[in-house]
Amino acid sequence: MTTTDIPETDNNNNNNNNIKKPQGVAFQMPTSITLATPRKGKIVYIEGKKYILDENGNPCQMCNTLDDFQSFTSLGNTSTTTTTTTTSKPTTTTTTTTTSISKPSTPVNINPVLEPAPDVEQLGRSSWTFLHSLAASYPEHATTIEQSQMKSFLLLFGNLYPCWYCAEDLREWMKENQPKVKGRDEFGEWMCDAHNAVNEKLGKSKFDCALWKQRWIRGWSKKQ
C-alpha cells in the first residue's frame, strides 16, 4: 500500500479558495491518500488471440472488446498456453505454463435491443472525453490546492480504472511523465500526450496537440 501526502494549505490563496462545506455534513480534506494494491488479472492467448482476464480468471469485459468478450465466452473449456519471461541480468529465464480456462457458468446473453455493458473501447472513449473535458475546464493558473487535488485525482484514477490492464499502462506512463498541472495550457497538452501514447500503442494516428483547445474547448467549425 502507498501513502501520498497532500498539502494542507495554499499559502497564496488561503482566503479565496476555501472549500465550501455542505450544510449539515461534516467535511474534511484528507491530508494523505492510502492506495490499495491495484487489481491485476492475467493475459492468455488462444489460437494466437489475446484475451485479458480478471483476478478471478474470468474474461474482463471492460478490458476486452465486446467481440473478443463474446468470443471468449463461447469457447467452452479451453487449454491455453501462457508464456512469462523474466529478465535478470545477465541471464533471461522463460517459463511456459499451461492453464485450463473454463467457460463461465453464466452464459453471456446480449439483448440486441438493449445496449450492452461497456467494453474496453467504449470505456476508453468515454474516459478520454471526460479527461480532456477536465483539462479544458481546468483553471488557467491553478492554485497550490487545485494542483494538489488534480494530482491526487490522477493518482486515484490510475489506481481505480476498471480495466486493470489499461490502468497499469497509465501508471507506468505517469512514472516517466509526471502530471503537469500548473495551469490549463500545460495540463491540456500533457493530457493530449497521454492520449497519444495510448494511440501509438494501439497503432492509431497521433492527434496534433497544438489543436487540443480547438477540439475540446472551442469545438470544430462545421466548415472543417
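Reader: What percentage of the residues in the protein is buried?

Author: The model is a predicted one. A residue counts as buried when its relative accessible area is under 20%. Among the 224 residues in the protein, the buried share is 32%.

Reader: In what order do the elements of the protein run from the N terminus on?

Author: The protein holds 6 helices and 6 strands. Read from the N terminus, these elements follow the order β-β-β-β-α-β-β-α-α-α-α-α.

Reader: What share of the contacts with a separation of 6 or more comes from residues 24 or more positions apart?

Author: A contact requires heavy atoms within 4.5 Å. Of the contacts in the protein with a separation of 6 or more, residues 24 or more positions apart supply 60%.

Reader: Is His132 buried or exposed?

Author: His132 belongs to helix α2, which spans residues 120-136. Leaving aside residues up to four places away in sequence, His132 touches Met191, Cys192, His195 and Trp216. Because its relative accessibility is 4%, His132 is classed as buried.

Reader: What surrounds the ring of Trp216 on the charged side, that is, which residue places its charged end over the ring?

Author: Trp216 is one of the residues that His132 touches. A charged end also sits over the ring of Trp216, 3.9 Å from its centre, and it belongs to Arg215.

Reader: Which geometry does the aromatic pair of Phe130 and Phe153 have?

Author: The structure contains 7 aromatic pairs. In the pair of Phe130 and Phe153, the centres are 6.0 Å apart and the planes form an angle of 70 degrees. Planes over 60 degrees apart fall into one class, so the pair of Phe130 and Phe153 is edge-to-face.

Reader: How many residues apart are Phe130 and Phe153, and which parts of the chain does the pair link?

Author: The pair links distant parts of the chain, with Phe130 in helix α2 and Phe153 in helix α3, residues 144-160. Phe130 is partly exposed at 42% relative accessibility, and Phe153 is partly exposed at 28%. The separation between Phe130 in helix α2 and Phe153 in helix α3 is 23 residues.

Reader: Which residues do ring pairs link into a cluster with Phe130?

Author: Phe130 forms an aromatic pair with Phe153. Ring pairs join Phe130 into a cluster with Phe153, Phe157 and Tyr161.

Notes: Residues numbered from 1 in each chain as written. Predicted model: local features only at pLDDT ≥ 70, side-chain atom pairs only at ≥ 80, totals over all residues. Heavy atoms only, no water. Helix = DSSP H or I, 4+ residues; strand = E, 2+ residues; numbered from the N terminus. Buried < 20%, exposed > 50% of the residue type's maximum accessible area, 1.4 Å probe, protein only. Phe/Tyr/Trp six-rings, centres within 6.5 Å; stacked < 30°, edge-to-face > 60°. Lys NZ or Arg CZ within 6 Å of the ring centre and 35° of its normal.
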